[in-house]
Amino acid sequence: MTAEQFERGARARTRAAILDAAAALWARDYSASFGAIAERADVSRSTLHRYFPDRQALVDALLLDSLPRLGAVADSVTPHDSPMDALEAYLRAGIEIGDRVIFLYSDPDRFDGNPNWPSDDYDDALTPLLDQARAAGAIAADIPNAWATNLFYAVLYTAAEVSAGDLPRHVAADLAVRSFRRSVSG
């Protein structure tokens, strides 16, 4: 490994640590300071400012880093035995990136006017899975997609929130799956 490759790798790790720290803190307190983020990332404030000169630069970078992660979660759940199994995998994978989910969706107005925020809501992966689960009888016919979609994201958000506290992530995921399955079954 050359010195240049090592430097690129070290810079990428530092940048990732800063983004992860910002996601963890801003998911619960959007007013968290650069100092708190630097401390959580285990870097100095001057290092944080070298990577992100101001708050908006860090917000934009975290937004641009988080959206593809959410898309990757959706892309990772396609091959399963049943649509409900795919929905379960989607829910569990979403909980794994819970800080990003909360950062993105805890405040519906947070990104108004930000050119990096998608202008339309997209449930490209979720809607077909819900339709397939309904056709397979796993979702009651009288539950509208809007209800099932909002319920899915509410359960995901709740599990992500509680798994950041004292409840282990795998326990939160099990409770989320059980809650969603019971809420939509016929």
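Two residues are in contact here when heavy atoms of each lie within 4.5 Å. By that criterion, and leaving aside residues up to four places away in sequence, R92 touches H170, A173, D174 and V177. The model is predicted, so local features need pLDDT of at least 70 and side-chain atom pairs count only at pLDDT 80 or more, while totals for chains, interfaces and linings use all residues. Residues are numbered from 1 along each chain as its sequence is written, and side-chain values use heavy atoms, with hydrogens and water left out.

**Overall architecture**

The secondary structure of the chain comes to nine helices and zero strands, where helices (H or I, at least four residues) and strands (E, at least two) are DSSP runs numbered from the N terminus. The C-alpha trace spans about 55 × 40 × 35 Å along its principal axes. Among contacts in the chain with a separation of 6 or more, 69% are between residues 24 or more positions apart.

Of the 186 residues, 39% count as buried; buried means under 20% relative accessible area, exposed over 50%, and partly exposed in between, with a 1.4 Å probe and protein chains only. The chain exposes about 10,100 Å², of which carbon and sulfur atoms supply 52%, the areas coming from the Shrake-Rupley method with a 1.4 Å probe and, for residues, only the protein chains shown counting as cover.

The chain carries 18 positive and 27 negative side chains, and the centres of the two sets lie 6 Å apart. In this count Lys and Arg are positive and Asp and Glu negative, His and the chain ends not being counted, and each charge is placed at NZ of Lys, CZ of Arg, CG of Asp or CD of Glu.

The structure holds ten aromatic pairs, a pair being rings of Phe, Tyr or Trp (its six-membered ring) with centres within 6.5 Å, called stacked if the planes are under 30 degrees apart, edge-to-face if over 60, and tilted otherwise. The rings of W26 and F103 are stacked, because their centres are 6.2 Å apart and their planes stand at 20°. This pair links distant parts of the chain, with W26 in helix α1 (residues 3-26) and F103 in helix α6 (residues 98-105), 77 residues apart. Y105 and W117 form an edge-to-face pair, with 5.8 Å from centre to centre and 65° between the planes. Since Y105 lies in helix α6 and W117 in the loop between α6 and α7 (126-135), this pair ties together parts that are twelve residues apart in sequence.

| Residue | Relative accessible area | Class |
|---|---|---|
| W26 | 0% | buried |
| F103 | 0% | buried |
| Y105 | 38% | partly exposed |
| W117 | 23% | partly exposed |

W26, Y30, F103, Y105, F111 and W117 form one aromatic cluster. Helix α6 is largely enclosed by the rest of the structure, because six of its eight residues are buried, namely G98, R100, V101, I102, F103 and L104.

A charge sits over a ring if NZ of Lys or CZ of Arg is within 6 Å of the ring centre and within 35 degrees of the ring normal. The charged end of R110 sits over the ring of Y30, 3.9 Å from its centre, and that of R11 sits over the ring of Y51, 4.6 Å from its centre.

R92 itself has its place in helix α5 (residues 83-96) and is partly exposed, with a relative accessible area of 27%. R92 and S33 are 59 residues apart in sequence and 30 Å apart in space, C-alpha to C-alpha.
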